[in-house]
Amino acid sequence: MPSSAAPHVKSRCPQYPGSKIKRFVVPDDKVDWGQSWPQYSPVSHTDPSVLKKPVWADPDIGSFSPQFNAVDGGVDRTSFDGSYKKEKGKPLNPRGRTGVTGRGLLGRWGPNHAADPIVTRWKVDAKGAKMNHPVSKRPILQFVSIKRKDCGEWAIPGGMVDPGEQVSLTLQREFSEEALNSLTLPQAEKAKIHERITKLFKSSGFVVYKGYVDDPRNTDNAWMETVAVNFHDESGNSVSELPLQAGDDAGQVKWVDVDSSFPLYASHSRFLELVSKERKAHW
């Protein structure tokens with residue numbers, strides 16, 4: 001799996017998302033925990049929505065003793081990056097300092113596991129022939145993109161893995177909820193969509209990435225990790241024909257041409273670049 005050794009950048013964004021909290025500034029050469037830095041004085045921040053103890057969030061350390069680097073009850077606290085260190089009973093971000101301690105907007109101490117389904121099809125003309133990009137001369141891929149309500153950025157539909165849930169089910173559930181608004185559909189419609197979706201998501205898919213995500217919500221003690229899988233509708237008669245409808249966390253949803261110039265949330269551009277390479281498509 002490709003993993004970037006460069007220091008995380010979005011995890012050090014100056015202002016923590018959804019708050020007025022300013023991160024303690026961490027220069028590139030001080031990100032690594034191995035660099036001694038006695039002056040490091042990160043800001044502690046856990047969002048009020050997390051402190052209200054919703055079902056998806058852990059309690060505070062001290063009031064419970066999680067089993068880090070292990071599957072702890074139904075919660076997977078292992079990291080794709082391998083074993084992570086702990087300090088004063090709290091897990092340390094495997095990619096280094098972020099300028100904020102606590103959990104921020106994230107529910108779990110340590111890794112917060114997500115799944116990102118990248119659903120693609122070929123862009124075709126009126127006769128159904130693949131369309132090539134005028135510059136690269138390669139066929140153009142399209143992917144299902146949602147506009148996130150929280151930040152207004154375009155993204156791959158995705159979400160958190162429920163405790164004990166198989167990632168393949170998370171991928172299917174999140175796509176259905178976010179891109180097809182399956183939660184509000186009449187039963188007969190739901191059954192039809194479910195059949196098509198299940199067929200596509202039963203195909204093995206191409207695992208694009210498994211690992212740490214450089215995400216603006218990350219802190220020193222809580223961070224995002226994901227499995228991004230590409231499900232490709234080669235013939236254009238599977239999900240391509242489904243009515244896209246924004247639901248759940250999405251404000252809008254549409255098929256978007258895969259192109260390096262299209263700005264995307266978090267590490268999503270990198271994922272699409274890998275898909276383009278795999279499918280020998282335009283990037």
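Me: Rings of Phe, Tyr and Trp (its six-membered ring) pair if their centres lie within 6.5 Å; planes under 30 degrees apart count as stacked, over 60 as edge-to-face and the rest as tilted. Which residues do ring pairs link into a cluster?

Reply: Phe24, Trp33, Trp37 and Tyr40. A note on the source: this is a predicted model, where local features need pLDDT of at least 70, side-chain atom pairs count only at pLDDT 80 or more, and totals for chains, interfaces and linings use all residues. Residues are numbered from 1 along each chain as its sequence is written, and side-chain values use heavy atoms, with hydrogens and water left out.

Me: How many aromatic pairs in the whole structure?

Reply: The search finds 10. Take Trp154 and Phe262: their ring centres are 6.4 Å apart and their planes sit at 50°, so this pair is tilted.

Me: Where do those two sit in the chain?

Reply: Trp154 is in strand β9, and Phe262 is in the loop between β13 (250-257) and α4. They are 108 residues apart, so to speak of the chain, the pair links distant parts. Helices (H or I, at least four residues) and strands (E, at least two) are DSSP runs, numbered from the N terminus.

Me: Is Trp154 buried or exposed?

Reply: Buried, because its relative accessibility is 13%. The cut-offs are under 20% relative accessible area for buried, over 50% for exposed, and partly exposed in between (1.4 Å probe, protein chains only).

Me: New topic. What lies over the face of Trp255?

Reply: Arg121, at 4.1 Å from the ring centre. Likewise, Arg148 lies over Tyr265, at 4.1 Å. The test is NZ of Lys or CZ of Arg within 6 Å of the ring centre and within 35 degrees of the ring normal.

Me: Which residues of α4 are buried?

Reply: His268, Phe271, Leu272, Leu274, Val275 and Ser276. What covers them includes β7 (110-122) and β12 (222-233). Lys280 follows α4, with a positive phi near 55°.

Me: And the largest nonpolar core: which members touch the most others?

Reply: Val119, Val144, Phe175, Ile197, Phe201 and Val239, out of 28 residues. Such a core is a set of buried Ala, Val, Leu, Ile, Met, Phe, Trp, Tyr and Cys residues joined through side-chain atoms within 4.5 Å.

Me: Which strand gives the largest share?

Reply: β12, with 5 residues. Apart from this core lies another of 22 residues, among them Tyr84, Trp109, Val208 and Leu272.

Technical notes. Contact = heavy atoms within 4.5 Å.
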